[in-house]
Amino acid sequence: MQTQLRPAVRRVPVRRVDLYPRQPRWPRAVEFGLFFAAAALRFLYYGFRYFPQLDDYIQYDKYAQFAPLGEMIERLGLLSSRPIAGVADIAVWSHFWGAGMIAACLLLSVMWTASALLFRRVFDGEFGCGALFCVLYLLLPFNFEGTYWISAATRVVCGMFFAALALRLFSVWLTRGRWPWLVGFSAVQLISFGFYEQTLALSGAAVLGLMLLHLRRHPRRALGGLLTLVNLAIYFLFTLANSGGPLAARMSLILPWHEGYFSVFLPELFRQTGDAFAGGGVILARGFARSLRILADDGRWWYLVLFAALAGGIGLFCLTPAGANGRAVRRVSSSAAAVGFALLLVLAALSPFFVVGNTWFSLRSAVPLTAGLALLGELALRACFGRLARTARRAAALTACLLVLVCGVASVSELHDYRRTYADDQRILAALAEKLDGAEGRIGVLNLEKSYLPGQNFAFHEHIHGVSESNWAIQGALWAMTEQVPDVYPLAVADQPFYLAWNRELKRLGGFDSLWWWNHETGELIPLTAEGSDAEGWTVFFPDGTPAGRVREENGVGYFSA
């Protein structure tokens with residue numbers, strides 16, 4: 001039997017066309033340096049100085065001096081909610097108090113920048129993600145409160161950093177399958193849970209998303225994400241076992257079957273969330289215009305030159321494969337999956353507010369949502385240009401350039417307002433310390449407003465409020481300044497009603513042992529006398545007998561009239 005010979009087939013190598021041809025990669029140190037410089041420079045317009053706000057005085061000065069760490073943990077119930085953040089206030093951050101607070105601010109900026117790059121690396125491996133993500137994540141001005149104010153940043157920024165690091169470790173575990181990566185992921189994720197409720201939810205949702213994306217390709221490795229359930233159990237059992245103290249109220253919950261959940265609770269939550277995001281646009285637009293005027297008045301044009309240089313550097317980085325959607329050709333998951341993943345992150349970061357009893361969505365609460373929102377922004381740019389790789393890169397570079405410059409300039413007005421509020425606080429505290437030295441009993445100070453900013457970018461909740469916002473803040477600041485803790489209550493008269501049912505007993509004039517009037521224009525603290533009763537109303541008089549105003553009560557609600 002003859003064997004039929006087949007002609008030899010010559011194999012011709014197939015040439016692959018890469019939308020992103022290989023070019024020299026930028027060193028990661030340069031990448032980090034560009035984004036860190038942009039994030040940190042916003043806080044250095046007035047030099048290497050931090051301006052303490054609200055809770056900073058008591059959290060980072062007096063708590064550390066009042067009693068040993070163990071005793072403070074027990075007194076305040078620090079382990080009942082955000083345990084690592086509470087302990088770190090005394091054990092770590094209090095050592096920066098004073099001139100070193102700007103160093104703490106810059107260290108937090110390092111963590112904030114690192115979290116952006118860690119998130120981007122994970123998203124780039126799954127969907128393709130360019131440097132525009134980092135610009136949106138780091139620099140949008142509505143993030144300013146949560147990344148500058150140290151009392152907030154030590155919770156939000158630290159939580160986001162450890163959540164990003166945990167997600168990166170889990171991503172490496174999924175691709176390499178070595179056990180140390182899984183162990184590291186589980187340990188770091190548990191740490192992230194101890195800083196902020198939103199980062200807890202964000203971390204859990206992000207890991208769940210990666211699990212679902214890899215369930216077909218790496219089913220056994222993907223199941224490693226179930227360690228998140230173990231971490232959740234550990235965290236909640238630990239905090240419940242240590243519940244108690246004034247900070248335990250954060251754990252109070254409201255659920256759909258509770259009265260008023262759908263009729264009162266949810267509408268109020270949606271209103272506050274909408275206001276916060278609308279305010280982000282207001283801060284960007286109005287803040288940019290105000291900042292240009294401030295730059296012109298101050299003559300600090302070096303700031304504008306530096307930010308223009310950073311914008312150019314980041315724009316050039318976006319033109320390189322390292323800065324563009326570097327893995328867009330070989331991305332693992334589809335664009336639809338990317339959009340779903342981004343929406344999952346946004347909803348997860350928002351989810352704690354659907355069950356936490358205290359409905360209070362502030363600007364710092366929007367910070368954990370930026371991971372999902374920045375990814376959506378990156379995906380939207382890609383959708384506009386499809387497979388036009390060069391055009392997409394140029395559009396991303398131009399967009400990044402403009403955003404870096406506009407956001408950097410707009411941040412000047414935010415820092416300007418923090419600086420002015422700090423100066424107002426020092427003026428108020430000096431007058432109170434002088435007049436109330438040795439004073440006893442409950443002291444009410446009328447006409448002491450939450451803020452004296454004439455043209456704030458966006459007034460929302462306690463955004464850039466002075467220590468005069470609450471008796472807690474003003475007592476803590478006086479304690480830090482004078483070593484005394486007078487029982488002072490600021491009584492704002494600009495906001496009406498003067499008091500509501502929930503704080504009626506605190507603000508009724510009959511409950512004060514002495515009353516004073518703060519004149520912000522002259523910086524004087526003037527003693528007052530009061531005539532009347534809680535039932536019939538009070539009239540307050542200056543020392544010369546001139547009426548300062550009248551407080552009347554209707555249906556349990558108090559009103560002040562001049």
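Mentor: Residues are numbered from 1 along each chain as its sequence is written, and side-chain values use heavy atoms, with hydrogens and water left out. As the model is predicted, local features need pLDDT of at least 70 and side-chain atom pairs count only at pLDDT 80 or more, while totals for chains, interfaces and linings use all residues.

Trainee: What makes E31 and R121 a salt bridge?

Mentor: A salt bridge is a side-chain nitrogen of Lys or Arg within 4 Å of a carboxyl oxygen of Asp or Glu. The closest N and O atoms of E31 and R121 are 3.7 Å apart, so the pair meets that cut-off. E31 sits in helix α1 and R121 in helix α5, 90 residues apart. Helices here are DSSP runs (H or I, at least four residues), strands are runs of E (at least two), and both are numbered from the N terminus.

Trainee: Why is E31 called buried, and why is R121 called partly exposed?

Mentor: Buried means under 20% relative accessible area, exposed over 50%, and partly exposed in between (1.4 Å probe, protein chains only). E31 has 6%, so it is buried, whereas R121 has 23% and is therefore partly exposed. E31, R120 and R121 are also linked in a network of salt bridges.

Trainee: Why is α1 called oblique to α5?

Mentor: Helix α1 (residues 28–41) and helix α5 (residues 101–126) pack at an angle of about 130°, with their axes 9 Å apart. That angle makes α1 oblique to α5: under 35 degrees counts as roughly parallel, over 145 as roughly antiparallel, 65 to 115 as roughly perpendicular, and the rest as oblique. The axes are lines fitted to C-alpha atoms, for helices over the stretch in contact, and angles run from 0 to 180 degrees between N-to-C directions.

Trainee: Why is helix α6 described as largely enclosed?

Mentor: Because 8 of the 8 residues of α6 (residues 132–139) are buried, the helix is largely enclosed by the rest of the structure. Among them are F133, C134 and Y137.

Trainee: What makes L229 exposed?

Mentor: L229, in helix α12 (residues 227–241), has 55% relative accessibility, so it counts as exposed.

Trainee: And what is remarked on at N447 and I464?

Mentor: Most residues other than glycine have a negative phi. N447 has a positive phi of about 70° although it is not a glycine, and I464 has one of about 55°. N447 is found in the loop between β1 (442–446) and α18 (471–482), and I464 is found in the loop between β1 and α18. N447 counts as buried at 18%, and I464 counts as buried at 2%.
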